[in-house]
Structures are given as structure tokens and as C-alpha cells.
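Here is a short briefing for a reader new to this structure. Look over the sequence and the fold first, then read on by topic.

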Amino acid sequence: MTESEPLVTAAQMRALEGAEIASGRVSGWTLMERAGAGIVEAILRAWPAFAARPHSAVVLCGPGNNGGDGFVVARRLYGRGWRVRVLHWGAREKMSEDAQAAHDRWAALGPVEPMEPGRIAGLEADLFVDAIFGTGLTREVPDIVRAALVAARGAADAAGGRLVAVDMPSWFSSDSGAHLGGGARARFDLVAAVRPMKLGQFTGDLPNDVARVAPVEIGLPEPDGAVRLLGPPRGMAKRAGTHVHKYTHGHALVLAGGAGRTGAARLAARAALRVGAGLVTVGAPGPALAECAAQLTAVMLREVGDGAALEAALEDRRLSALCLGPGLGVDDRGAGLVEVALASGRPAVLDADALTLIADPARGLFRRLHGGCLLTPHMGEFARLFPDLADRVRTEATQGFSRADAAREAAARAGCAVLLKGADTVVAEPEGRVALNAALYERAAPWLATAGAGDVLSGLAAGLMARGFAPAEAGGAAAWLHVAAARRVGPGLVAEDLPEALPAVLAALER
Ligand SMILES: NC(=O)C1=CN([C@@H]2O[C@H](COP(=O)(O)OP(=O)(O)OC[C@H]3O[C@@H](n4cnc5c(N)ncnc54)[C@H](OP(=O)(O)O)[C@@H]3O)[C@@H](O)[C@H]2O)[C@@H](O)CC1
Ligand SMILES: Nc1ncnc2c1ncn2[C@@H]1O[C@H](COP(=O)(O)OP(=O)(O)O)[C@@H](O)[C@H]1O
Ligand SMILES: [K+]
């Protein structure tokens, strides 16, 4: 995968393909041929035994161009000496011209059998290919498709074979990754994803049922307005030179809550320092100072009892970013700190308790958000801030409404960047740009589902903002580094490990 892959919706894909074909640069037939050939290559790359000698395949073809791709796959495998059976669901005459051509070229080589789930269950093959629906899926799939996919998985398991999806497993929305197959489930060993890849391959339910996704290049240009799948962040190295000192890299202030609750802020502060802020201070109320002092060394400590104390601290213009939320408390002190922080216009990460305070309409904090802020909610916090959008993710995902759509709308409303956490973290900017950090497939990091991981993430973002990164950029980089650090530690990870794993992650980025 490239450093930052564009991820598109079905509509964006159609527009891109349409424009390319209309320009005369490429024909629909050529795209279908490239897709089919590339999908076969992806399959052979995934399982070297398949490349070493011919095997057997069953290809399930649907009524649209996804089915057309399937016919090309069948022909190409046959051309490599494979034993291939093709089962078709749909009427040839209703298919596009290109898909009909693909159908006919296969039909000259072998039979096109009707797709009957009962028959699939009894087939023996090393490879089952699902080419029923791709980006054209618009609604719940009919029973026959559901039964066919379940039967294909069962037959593949019985034969020790593989189940591969062409572009999309046929019962998932390519826009939201929502499942459109009722209660039916099947595990897919590979999704061969035509480039640009689809948003739905990296969010929603789909990743839970897919082992891996492999891109298939067909030569379409970079689309506008796509969600960006984040790769390793750039610009993490600290500048060198005789004029550089700690203040060059900024000073982050992390506000802590009361005694006995300061762990979250301390975690965030440690992460901010590790990610390269020149200085990091924890601001704690008087009764919590002793506890913080006992735990902090490189991170500095200052008493910040209330909003007025924060105002005084902010007279130091070198304080270049704030972090509020982890363990802050949802009382009047917390609200006062958030109010002063927002009024200062200083770059600020707002997480956890700060989000709860902002979601309370009686406090009037939401309208004070500004472009220097980054909100980092998990879905529960997001639902407090944007209940209607969280509802739409629940109820309209089957119609294509994604977490990315929700975050984009939220950022526009808030007037600042919004990072919606999860294994599929999305970072949206108020102007509409969205990036996605996928802790999925070969980058899965299930150990991040541990208490305090979110506090570390806000500290990473705050540290990067203290260094001068814009909020969305800092959020995206923080999310990527967070996963990279978790993967370095692996099983047994606790939140404290994450900042300590950063030096190795950052060093690898500089190589
Ligand atoms: N775009 C590109 O650049 C390229 C695209 N390529 C390939 O084409 C694929 C997209 O093809 P596509 O647009 O023909 O859609 P596809 O997924 O085959 O399905 C459409 C058919 O399904 C039907 N249908 C839908 N939902 C249904 C349901 N629930 N239940 C029943 N029927 C349902 C729908 O019928 P309708 O909704 O009109 O009734 C229509 O007949 C894409 O994923 C990739 O593989 C590559 O070849 C090269 C480049
Ligand atoms: N299964 C998972 N895979 C990858 N990342 C995860 C997973 N579960 C949680 N995370 C990440 O871990 C962090 C958890 O944050 P949060 O929910 O605020 O927890 P806490 O408040 O306990 O720190 C988020 O950055 C989230 O993206
Ligand atoms: K498919």
C-alpha cells in the first residue's frame, strides 16, 4: 500500500470510472480485464501454492460488473490450467455490454451453470470466488445470495479451500462497511480490492469478517475528495542545529483532576513528552500536587487550581498546546478550565471529561470551540456530543452512512477537527477532509483496548500540536503512532507501555 491510500465511496468510484471512460483514455472493457487479471495476481500472491501449480476454483458471478470481473477471473484461472466452474445468478441480457463480453468469452471455454446454493454446498474446490455484488450493492441481499455465500464458506472449509471476494464480500456496503446479509455470516480469506479501494473495506462490520485486503491496480487516477487511509506520518524527526533548543519544540500543558485521579493526565503528559514536545507540564490542583510530584520526573508540575490560575499560566506565550479531559472531572473546576482554555485560542486537545462538559448545553462551551481544537471522542462520547449523528451511524449504515460521514459532519458543526476513536479511527476537518487510521488486518492492535490507551492518544496529539502540527494532522499522526507503539509491545500491553515504545517507533520512521 502507498503512504496514504485514497478510499472512495461507490458514487465516487462510479464518477471516476465514468470520467475516465468519457475521456477516451480507457474503455470499460479494459478496466474489467485489468481488474480480473489483477484479482488473479492478488490471489496467486496470497497463496504461493496456487501460483506454483493449477488448482480448482468455483466462481460465483452476479448480475452486474462485479459478475463481469468474475467471468474474467474464471477465464484467467482456466488459462493457467485450473479446473474452473462458473455459477451465474442473473440474466446475461440484462448485464452491461462489458460484462456480457466477459460472460461470452468464458462461455466459449466452459459451461455457465445456474447458481443454486444447494449445489454449491456439494462442490469440492481449492478456491471459491465471490463475484456476486461489488460497489453496486444497494440493499439487503436476497436469500439466494445469502445462502450461496454461506454454502461457499462451508464448501471451502470442507475442502481446506479459500474464499475470496472480488472487490467486496457481496453482502457489505462499500460506503460504510455495514452488513447487508441479515444474520448470515461467513469469513472471507481475502478481499481483492480494485483501486481506489473502498471506504467500506476499512470500517464498519466488514473488517470483522475479512482476514486481509489486497489492492488491485487498474490504472484509475487519484480521485478528489477521497478519505485518506493513513500511512506512516512524515515530519516526526526533530530539527537539528545550533539554533534549536527545547522551546523550539513547544511546551504542552496537561490539566489534571483531583487527588487520586491524576493517572490519566500523567499518562497523557508522558506521551506528549515522548512524542517530542520540548517541555511538558502537568497542571494539577493543590491537593493533587504531592501525588503528581511523587510520580513525575521529566514532566514538570505546576499548581493550577482553577480557571484564573490557568489564565495566569497562559500568560507564558511559549505554552503552545493544552490537553484537557483525561481525569479532569466534570465539575465546575473542570468547566472553568475548559472555558479559559477555549477563550485563550491556544491549540487544545479536548478528550474524555472535557467532552462531557462540552456536551452539556447548560455550560455553553460547544460554541466556543475554534479551529485550533481537536476533539477526540470514542463512540460513547461522540454520542453525547452529536446524538443524531451517532444514531445515523447505527440506523443508516445499511444505507451507506459511515463513521467517516459522521465525523465529517461533526467537524463541520464544531468548527474544529474531530477524531472518532476505534480500530477504525477517523479524523475529520471542518472543511470536509477525512483521514482514516486502520488498526486492522496486518495492522491489528487489539491490545489497545485497555484502560488508559485513550489518555495516551490525547497526549500524543497534544505533544504534536505543541510542536506545531495542525490539529487534524497531529490527530492522524498520533493515531498512527499509537497503533505502531501498541504493535511493538503486543500482548500484555498496558497503557504505560505505549509512551515507552515510542522511541523505537520514531527511530524506525527516521530510517
Ligand atoms: N467502477 C469501476 O471503475 C470498475 C468496476 N469494476 C467492477 O464492477 C463492480 C461494480 O459493478 P456494478 O456497478 O455493475 O455493480 P455490481 O456490484 O456488480 O451490482 C450491480 C447489480 O446488482 C444488482 N443489485 C444490487 N443490489 C442488489 C440486491 N441487494 N439484490 C439484488 N440485486 C442487487 C443491481 O440491480 P438493480 O439494483 O439495478 O436492481 C445490478 O444488477 C465493482 O465492484 C468492480 O467489481 C471493475 O470491473 C472495473 C472498474
Ligand atoms: N480493538 C481495538 N483496536 C485498535 N485500537 C483500539 C481498539 N480498541 C480501542 N482502541 C484504541 O484505544 C483507545 C481507547 O481509548 P478510550 O476509549 O478513550 O479508552 P480509555 O479512556 O480507557 O483510555 C483509542 O485510541 C482507540 O482507538
Ligand atoms: K463480490
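Axes here are lines fitted to C-alpha atoms, for helices over the stretch in contact, and angles between N-to-C directions run from 0 to 180 degrees. The model is a predicted one. Its chain is divided into domain 1 (4-226) and domain 2 (246-510).

**Domains**

- The centres of domain 1 and domain 2, taken over C-alpha atoms, are separated by 40 Å.
- Contact between the domains involves 13 residues of domain 1 and 13 residues of domain 2.
- On the domain 1 side, the touching residues comprise seven nonpolar, four polar and two charged.
- An unreviewed UniProt entry carries the annotation "domain: YjeF C-terminal" for residues 229-509.

**Ligand 1**

- Around ligand 1 there are 28 residues. Glu 17, Gly 64, Asn 65, Gly 134 and Gly 136 come nearest.
- Helices α1 (10-22), α2 (28-46) and α4 (65-79) each give at least two residues to the shell around ligand 1.
- Which helix supplies the largest share of that shell? It is α4, with five residues.
- By class, the shell around ligand 1 holds twelve nonpolar, ten polar and six charged residues.

**Ligand 2**

- Ligand 2 is surrounded by 17 residues. The closest are Ala 423, Ala 439, Leu 448, Ala 449 and Gly 454.
- Helix α16 (residues 453-466) gives the most to the shell around ligand 2, namely four residues.
- The shell around ligand 2 has nine nonpolar, six polar and two charged residues.

**Annotated binding site**

- Under "binding site", UniProt (unreviewed entry) lists Asn 66, Asp 130 and Ser 170.
- These three span 105 residues in sequence, yet no two of their C-alpha atoms are more than 9.3 Å apart, so they gather at one spot.
- Asp 130 sits in strand β5 (residues 127-131).

**Helices α11 and α12**

- Helix α11 (residues 332-344) and helix α12 (residues 352-359) have axes that come within 10 Å. The axes cross at roughly 85°.
- Angles of 65 to 115 degrees count as roughly perpendicular. Therefore α11 and α12 are roughly perpendicular to each other.
- From α11, the contact uses Gly 334, Ala 335 and Val 338. From α12, it uses Asp 353, Ala 354, Leu 357 and Ile 358.
- Five residues of the contact of α11 with α12 are nonpolar, one is polar and one is charged.

**Helices α17 and α18**

- Helix α17 (residues 471-489) packs with helix α18 (residues 497-510) at an angle of about 95°. Their axes are 8 Å apart.
- What is the orientation of α17 and α18 to each other? They are roughly perpendicular.
- On the α17 side, Leu 481, His 482, Ala 484, Ala 485, Ala 486, Arg 488 and Val 489 make the contact.
- On the α18 side, Asp 497, Leu 498, Ala 501, Leu 502, Ala 504 and Val 505 take part.
- The contact of α17 with α18 includes ten nonpolar, one polar and two charged residues.

Technical notes: Residues are numbered from 1 along each chain as its sequence is written. Chains are lettered from A and ligands numbered from 1 in the order in which they are written. This is a predicted model: local features need pLDDT of at least 70, side-chain atom pairs count only at pLDDT 80 or more; totals for chains, interfaces and linings use all residues. Angles under 35 degrees count as roughly parallel, over 145 as roughly antiparallel, 65 to 115 as roughly perpendicular and the rest as oblique. Two residues are in contact if their C-beta atoms, placed from the backbone, lie within 7 Å. Ala, Val, Leu, Ile, Met, Phe, Trp, Tyr, Cys and Pro count as nonpolar, Asp, Glu, Lys and Arg as charged, and the others, Gly among them, as polar. A residue is near a molecule or strand if its C-beta atom, placed from the backbone, lies within 6 Å of it. Domain bounds come from an automatic or database domain assignment. UniProt positions are given in the numbering used here, feature names are shortened, and annotations may be inferred rather than shown by experiment.
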